[in-house]
Amino acid sequence: MPDSSEVAALLALILLTDARRDARIDATGRLVLLADQDRARWDHGAIGEGVALLRDVLAKRNPSRFALMAAIAAVHDEARRWDDTDWHEIVGLYDLLLQTWPSPVVAMNRAIAVGFAVGPSEGLAELDSLSTDPLLARYGYFAAARADFLRRLGRTDDARVAYDEAIILTDNAVERDFLVEARDSSRRNRAAASG
C-alpha cells in the first residue's frame with residue numbers, strides 16, 4: 001500500500017520507536033529509561049527514514065493518530081540530549097492526539113509530558129484528575145508515573161505506596177525489577193536525608 005498515508009504514518013511510528021530498541025536495556029538486562037539512554041546506540045538511519053516518511057505524510061493531509069504518535073516519537077528522537085526535548089511541543093501533539101483519538105492512556109501520557117514541560121506538581125495534578133478512570137486504575141504505568149512525580153516532589157511515603165501499586169500491576173519482570181529498585185532507592189535516600 002505505497003500510496004496509503006495511514007500505512008506510511010504507521011511505518012514511521014514503528015521506525016521511530018524501534019530505533020531506540022538497543023538502548024532500552026543495559027548489558028545486565030536492566031531497564032534504561034529514555035532520559036538515561038545512550039543516544040549513540042539509537043539507529044539514526046531508522047530515525048532519518050521515519051522522519052522523512054512522517055514529513056511526507058504530514059504534507060499530504062490532516063494528521064491521523066499514527067502520524068501524531070510518530071511526531072511525538074520524532075520529537076524524542078531528534079533531541080540530542082534528554083534536556084533538549086521540547087516537552088511543550090510534545091504536550092501540543094498530545095492535545096491534537098486527544099482530539100483525534102480520545103483515550104485514557106493518551107490523556108495519561110499528556111499528563112506525564114505536562115510534568116516534564118511545566119513541573120512535577122502540575123504533572124501529578126493532571127494525573128490525579130484522571131485517577132477515577134477504571135482503565136487507568138489497573139494500569140501499572142499510571143501508578144509508576146505517579147510514583148515518579150511523587151518522588152521528584154520529595155513525597156517519599158506517597159511515592160512508596162504508588163511504587164508498590166505499580167509493582168503489583170506490572171507483569172513484565174524487567175519493569176518490575178526497575179520499579180522495586182526505584183522504590184528501594186527512594187526509601188534509602190529518605191533514610192540518608194533524615195539520618
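1. Glutamate 6 counts as partly exposed, at 29% relative accessibility. This is a value from a predicted model, as are the others below. Glutamate 6 sits in helix 1, which covers residues 5-18. Setting aside neighbours within four places in sequence, glutamate 6 touches Arg61, Ser64 and Phe66. Arginine 20 is 14 residues away from glutamate 6 in sequence. Their C-alpha atoms are 22 Å apart in space.

2. Next, helix 3 and helix 4. Helix 3 spans residues 65-78 and helix 4 spans residues 87-100. Their axes come within 9 Å and cross at roughly 170 degrees. An angle over 145 degrees counts as roughly antiparallel, so helix 3 and helix 4 are roughly antiparallel to each other. On the helix 3 side, the contact uses Arg65, Leu68, Met69, Ala71, Ile72, Val75 and His76. Helix 4 brings Trp87, Glu89, Ile90, Leu93, Tyr94, Leu96, Leu97 and Thr100. By class, the contact of helix 3 with helix 4 divides into 11 nonpolar, two polar and two charged residues.

3. Which residues of helix 6 are buried? They are Pro120, Gly123, Leu124 and Leu127, in a helix that runs over residues 120-128. Viewed down the axis of helix 6, these buried residues fall within an arc of 100 degrees, so they line one face of the helix. An α-helix has 3.6 residues a turn, so residues three or four places apart point the same way. The buried residues of helix 6 pack against two partners, helix 5 (104-117) and helix 8 (140-152).

4. How do helix 6 and helix 8 pack, by angle and axis distance? The angle is about 150 degrees, and the axes are 9 Å apart. Helix 6 and helix 8 are therefore roughly antiparallel to each other. Their crossing is left-handed. From helix 6, the contact takes in Pro120, Gly123, Leu124, Leu127 and Asp128. From helix 8, the residues are Phe142, Ala145, Arg146, Phe149, Leu150 and Arg152. The contact of helix 6 with helix 8 has seven nonpolar, one polar and three charged residues.

5. Helix 8 also meets helix 5. The axes of helix 5 and helix 8 come within 11 Å and cross at roughly 15 degrees. Angles under 35 degrees count as roughly parallel, and helix 5 and helix 8 are therefore roughly parallel to each other. Helix 5 passes helix 8 in a left-handed crossing. Helix 5 contributes Met108, Ala111, Ile112, Gly115 and Phe116 to the contact. Helix 8 contributes Tyr141, Phe142, Ala145, Asp148, Phe149 and Arg152. Eight nonpolar, one polar and two charged residues make up the contact of helix 5 with helix 8.

6. Now the loop between helix 5 and helix 6. Valine 118 lies there. Is valine 118 buried or exposed? At 52% relative accessibility, valine 118 counts as exposed. The cut-off for exposed is over 50%. Valine 118 and glycine 92 are 26 residues apart in sequence. In space, their C-alpha atoms are 13 Å apart.

7. Threonine 156 belongs to helix 9, residues 156-169. With a relative accessibility of 17%, threonine 156 counts as buried. Here the cut-off is under 20%. Along the chain, threonine 156 and aspartate 86 are 70 residues apart. Their C-alpha atoms are separated by 28 Å.

8. Last, valine 180. Where is valine 180 found? The residue is in helix 10, which covers residues 173-194. Valine 180 has a relative accessible area of 26% and is partly exposed. Tryptophan 42 is 138 residues away from valine 180 in sequence. C-alpha to C-alpha, valine 180 and tryptophan 42 are 27 Å apart in space.

Note on methods. Residues are numbered from 1 along each chain as its sequence is written. This is a predicted model: local features need pLDDT of at least 70, side-chain atom pairs count only at pLDDT 80 or more; totals for chains, interfaces and linings use all residues. Side-chain values use heavy atoms; hydrogens and water are left out. Buried means under 20% relative accessible area, exposed over 50%, partly exposed in between (1.4 Å probe, protein chains only). Helices (H or I, at least four residues) and strands (E, at least two) are DSSP runs, numbered from the N terminus. The arc is that of the directions from the helix axis to the C-beta atoms. Contact means heavy atoms within 4.5 Å. Axes are lines fitted to C-alpha atoms, for helices over the stretch in contact, and angles run from 0 to 180 degrees between N-to-C directions. Angles under 35 degrees count as roughly parallel, over 145 as roughly antiparallel, 65 to 115 as roughly perpendicular and the rest as oblique. A crossing is left-handed if the near helix is turned anticlockwise from the far one by less than a right angle, and right-handed if clockwise. Ala, Val, Leu, Ile, Met, Phe, Trp, Tyr, Cys and Pro count as nonpolar, Asp, Glu, Lys and Arg as charged, and the others, Gly among them, as polar.
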